[in-house]
Amino acid sequence: MDTYESLLAAVTAKNGKTNEVIDPATGELIGLAPVHGVDELSDLIDKAAAAQPAWAALSDDERRQYMHRAADAIEASAEALAELLSREQGKPLNGPNARFEVGGCVGWLRTAADTPLPVETLVDDGTTYAELHYRPIGVVGAITPWNWPMMIAIWQIAPSIRMGNTVVIKPAETTSLSGLALAAVMNQALPEGVLNTISGPGSVIGDALVRNAKIGKVMFTGSTPTGKKIIEASAGNVTRLTLELGGNDAGIVLPDVDPTAIAEGLFWGAFINTGQTCAALKRLYVHDSVYDAVVDALADFARNVPMGNGLEDQNALGPLQNKKQFEIVDRLVESAKASGARVVLGGNPERDAKGYFYPTTLIADIDPQNDLVIEEQFGPALPIIRYTDLDEAVAQANSLEVGLGASVWSTDIKRAREVASRIQAGTVWINAHGMVDPRVPFGGAKQSGYGMEFGVEGLKAVSQPQVVSG
Ligand code: NAD
């Protein structure tokens, strides 16, 4: 069982090149993350490749037991992991935040361990016999972003190791310690060489990881521009890819809703993790007949959710994780204000403060083509667009190049499902947004990426299908 101090000491760089990791709530230094070089990466991939055959040779049951023991280790050090995550990422300990994320790691790991993926008999008609196996690919390269640095790492690691692959994972630069700490705790239970970490800049280490010929599959979660670079870098070795990229999720509120009843769901759909969530609600289209009531109910809920330092118990929203993201949100809200849109709440950050806090912001009566609507803000600023014609709202929801998630809000489930069928997104939630589940596949449409994670589909994605016939 680790304490915050022992965990930090285990992952802090002892020598060599380092990167300063800053607490986004205070601007203070948390620790020094290692910055590895491409030679170290190459050695590490060799080590992962050497360990892979023995890991694959274990029975499925043996690997599943190791995964449960790794989940036990996370549970034993959960408080230490949550504190490090809160300090480094900024998200509060409470609410759907740091403790929730660490708990999610346990849940996803156990579900990936327990999801059955039997050999499929494809044809057995007396003359032909064919069956489909899911074999290991080899070494999986995993690259994570900074918003959910532990949970997304588990999404990549858990199915990969279940299927007999070993893993080399590279966390994002500004949340390296969280990724390294999670792996260090899991490695208290896993055999040597199965789960390996490397830390350094994406353009150098991430790129070299994708290009290495011993990497059979890359699991990437991050921005669409980086995803496109990874597609190019993967071409040389025809490396398999799962790409979970950026989104700009639309929510459509139909005229029959009860505004007060949906306010909480809308709020957390948009503002979970202070809006820094790939499948958060980022554009809300509300029918004119309920528009003012929905805006008022949302504002009434939002103004009572405390934002502040994540280590203080009462807070449910934290700062933005880094300065670059603060500046993106600030620029987009300023563009909305300049266009004459109505600021219902927030929109007035303290730009000289030490932490990267951007207040909870609701912007109403905004032009559907404003930058705050059509660009991914990835922060706590929700544009609320008024519509009168549902077809027009659906067309606007579908008008962007991305399509990760979406939602429809209505008391008439049949009607909501019909609207959902017209939306171009990997997932459409009804009367909720962003509710991912380890049993249910998740992936993007259009430039939000390809490939699916979670559930049986997620296991298949990190396997080499092989037909055995005859
Ligand atoms: P990013 O693309 O800048 O970085 C993601 C990771 O890629 C980091 O580890 C980075 O070091 C690495 N990287 C950067 N350049 C690379 C390269 N050339 N080759 C290989 N790796 C490279 O994204 P970010 O700023 O960390 O995350 C925010 C973005 O991620 C948002 O757009 C968000 O929507 C998206 N996101 C998507 C999902 C999803 O599931 N679809 C989940 C979380 C975040």
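## A buried helix

In helix 7, the buried residues are S176, L177, S178, G179, L180, A181, L182, A183, V185 and M186. That makes 10 of the 11 residues in helix 7 (residues 176–186), so the helix is largely enclosed by the rest of the structure. The model is predicted.

## The ligand site

The ligand has 30 residues around it; T144, E173, S223, L245 and E376 come nearest. S223 places a side-chain N or O atom 2.7 Å from an oxygen atom of the ligand. T226 has a polar side-chain atom 2.8 Å from a ligand oxygen. E244 uses its backbone: an N or O atom there lies 3.4 Å from a nitrogen atom of the ligand. The protein buries 90% of the 840 Å² that the ligand exposes when taken alone.

## Salt bridges

The count of salt bridges is 29. One of them joins K282 and E376, with N to O at 2.9 Å. K282 sits in strand 11 (residues 281–287) and E376 in the loop between helix 13 (371–374) and strand 14 (381–387), so the pair ties together parts 94 residues apart in sequence. K282 is buried, at 1% relative accessibility. E376 is partly exposed, at 30%. E376 is also among the residues that come nearest to the ligand.

R351 pairs with E334, their closest N and O atoms being 3.2 Å apart. R351 belongs to the loop between strand 12 (342–345) and strand 13 (361–364), while E334 belongs to helix 12 (residues 323–338), so this bridge ties together parts 17 residues apart in sequence. R351 is partly exposed at 45% relative accessibility. E334 is partly exposed at 30%.

R415 and E418 form a salt bridge at 2.9 Å, N to O. Both lie in helix 15 (residues 413–420), three residues apart, about one turn of the helix. R415 is partly exposed, with a relative accessible area of 36%; E418 is partly exposed too, at 34%. Elsewhere, a network of salt bridges links D288, D292, R342, D365 and R386.

## Cysteines

The disulfide count is zero. For C105, the nearest cysteine sulfur is that of C278, 14 Å away. C105 is buried, with a relative accessible area of 0%. C278 is buried at 14%.

## A nonpolar surface patch

L122, V123 and V467 form a nonpolar patch on the surface. Together they have about 230 Å² of accessible area. V467 lies in strand 20 (residues 463–469). V467 counts as exposed, at 53% relative accessibility.

Methods: Residues numbered from 1 in each chain as written. Predicted model: local features only at pLDDT ≥ 70, side-chain atom pairs only at ≥ 80, totals over all residues. Heavy atoms only, no water. Patch = residues over 30% accessible without salt bridge, like charges linked within 9 Å, V, L, I, M, F, W, Y side chains within 5 Å. Areas by Shrake-Rupley, 256 points an atom, 1.4 Å probe, with all protein chains shown as cover. Salt bridge = Lys/Arg side-chain N within 4 Å of Asp/Glu carboxyl O. Helix = DSSP H or I, 4+ residues; strand = E, 2+ residues; numbered from the N terminus. Buried < 20%, exposed > 50% of the residue type's maximum accessible area, 1.4 Å probe, protein only. Near = heavy atom within 4 Å. Polar contact = N/O pair within 3.5 Å; in protein donor to acceptor, adjacent residues only side chain to side chain. Disulfide = S-S within 2.5 Å.
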